[in-house]
Amino acid sequence: MIWQSRVSRSRVRAENGFSLTELLVALAILALITGLAAPRIVGYLSTSKTKAAKIQVEQYNAALELFLIDIGRYPTTEEGLESLTRNVADEPFWAGPYLNKREAPADPWGRAYRYEVNAGAGPSVYSLGADGAPGGTGENADVYPN
């Protein structure tokens, strides 16, 4: 009887945990899944910043149209996008803020949006993309409204 109880106790102890082989197989499977999924996730994150920039550019354009209706002109390049959040030129008909933020929001890469007023063509709001330089492709491409 004593011999049987010792044997059964050692079997129970051996069956309680995982073997080294089982742990290595599980880690290999997790590494394989991570290796396949990580590039897709990084791709989604990069395109989501570009999509967010396009949405913000469209919001700026809508706010600029409201500014035009109230004041009768677009903000000058010197007044910039700040004129959408505060009355920088002391305009009597300014009815802003035209954005829901206290400050003009930065692009998803942390830089200020570019604002230019083109004679006859109206204003242009855009981002220089992830690289912060004109031109580029993919995530580095400049972001203009659709």
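**View 1. Leu66 sits in helix H2, which covers residues 20-71.** Helices here are DSSP runs (H or I, at least four residues), strands are DSSP runs too (E, at least two), and both are numbered from the N terminus. This is a predicted model, where local features need pLDDT of at least 70, side-chain atom pairs count only at pLDDT 80 or more, and totals for chains, interfaces and linings use all residues. Residues are numbered from 1 along each chain as its sequence is written, and side-chain values use heavy atoms, with hydrogens and water left out. Leu66 is partly exposed, at a relative accessible area of 45% (buried is under 20%, exposed over 50%, partly exposed in between; 1.4 Å probe, protein chains only). Its C-alpha atom is 7.0 Å from that of Tyr98, 32 residues apart along the chain.

**View 2. Phe67 meets Tyr98 edge-to-face.** There are four aromatic pairs in the structure. Rings of Phe, Tyr and Trp (its six-membered ring) pair if their centres lie within 6.5 Å; planes under 30 degrees apart are stacked, over 60 edge-to-face, the rest tilted. For Phe67 and Tyr98, the centres are 5.7 Å apart and the planes are at 70°. Phe67 belongs to helix H2, while Tyr98 is in the loop between H2 and strand E1 (114-118), 31 residues apart. Both Phe67 and Tyr98 are buried. Together with Trp94, Phe67 and Tyr98 form a cluster linked by ring pairs.

**View 3. Tyr126 and Tyr144 make a stacked pair.** Their ring centres are 4.9 Å apart, with planes at 25°. Tyr126 is in strand E2 (residues 122-126) and Tyr144 in the segment after E2, so the pair ties together parts 18 residues apart in sequence. Tyr126 is buried at 8% relative accessibility, whereas Tyr144 is partly exposed at 39%.
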